[in-house]
Amino acid sequence: MMELPDNEDDRLPHGLLAAISRHGGTRNFAANTVLIHEGDVSDSIFIVLSGRVKAYSAGPQGREIVLEEFGPGHYVGELALDGDKRSVSIKTLEATTCCVVQRDGLDAFLLEHPEFAGHLTRKLIRMVRRLTEQVKSLALQDVYGRVTRVLMELSDPVDDHPEQRLVRQRLTQQDIADRVGSSREMVHRVMKELAIGEYVVTDENSKLLVIRKKLPHAW
């Protein structure tokens, strides 16, 4: 799997990661295991040691919108430390190993390592900013605008071709639809038009999407 974009700064430094892991227990989870159910009341956090998980919210009909993905070094579930209900669900995307730390273990860790509080504060600030951008996008952009925003966020410039960008994860059209709050059919229409215009192609070797040239502001 490719490295996760955008949220590298949310990873715990190796020293803090090793230290906090001593306050929890290591558990292995199969792919598609729900670690946290939205609406539940619990006070543990999950530190991802290997694998990948996603934060998402589901509607009554089972439709999901993906809010974020996390890989090794990230931690999830920290919003429940105020004792309130879980605000989102967390599910593994592949076989994943986590260190599970209960509230009392985290309290002890904070006393030993107050720098973790600073890391947590900065993570929450970045999370609020990302979610604010997502809300603005859902409210103010059409499906085309939301799709192209996701493609740009999840891509990096190609070294030998600075005008091109490589999407760092293998995304299906359903993956994109889950991120932009749209149907797969609408995303298919957008991606088909981008392919016809030769704006976006699939690399034959890596199967990753390549943005070949600047995407139009509107279609």
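Predicted model: local features only at pLDDT ≥ 70, side-chain atom pairs only at ≥ 80, totals over all residues.
1. Four strands make up an open sheet, in the order β2-β7-β4-β5, and their pairing is antiparallel. The edges are taken by β2 (34-36) and β5 (64-70); each has a single partner strand, so one side of each has no neighbour in the sheet. On average, neighbouring strands here are turned by 35° against each other, direction ignored. As background, strands of a sheet pair through backbone hydrogen bonds, either parallel or antiparallel.

2. Within β7, T92 stands opposite V53.

3. Surroundings of β5. Although β5 stands at an edge of the sheet, 5 of its 7 residues are buried, so the strand is largely enclosed by the rest of the structure. The loop between β5 and β6 (75-76) holds H74. Is H74 buried or exposed? H74 has a relative accessible area of 0%, and buried means under 20%, so H74 counts as buried. Its side chain reaches the backbone oxygen of G71 at 3.0 Å.

4. Helix α3. This helix (residues 115-140) has 26 residues and reaches 38 Å from its first C-alpha to its last, close to the 38 Å expected. Its buried residues are F116, H119, L120, K123, M127, R130, Q134 and S137. An α-helix has 3.6 residues a turn, so residues three or four places apart point the same way. The buried residues of α3 pack against α1 (14-21), β5, β6, α2 (103-112) and α4 (143-153).

5. The nonpolar cores. The largest nonpolar core has 20 residues, and V147, L151, I176, M191, L194 and V200 are those with the most contacts inside it. At least two residues of this core come from each of α4, α5 (173-180), α6 (184-196) and β12 (209-211), and α4 gives the most, with 5 residues. Leaving aside residues up to four places away in sequence, M191 touches V147, L151, Q173, I176, V200 and L209. Another core, of 15 residues, lies apart from the largest one and includes L16, L81, V101 and F116.

How values were computed:
Residues numbered from 1 in each chain as written. Heavy atoms only, no water. Pairing = 2+ DSSP bridges. Axes fitted to C-alpha atoms, helices over the stretch in contact; angles between N-to-C directions. Buried < 20%, exposed > 50% of the residue type's maximum accessible area, 1.4 Å probe, protein only. Polar contact = N/O pair within 3.5 Å; in protein donor to acceptor, adjacent residues only side chain to side chain. Expected span 1.5 Å × (residues − 1). Contact = heavy atoms within 4.5 Å. Core = buried A, V, L, I, M, F, W, Y, C linked by side-chain atoms within 4.5 Å.
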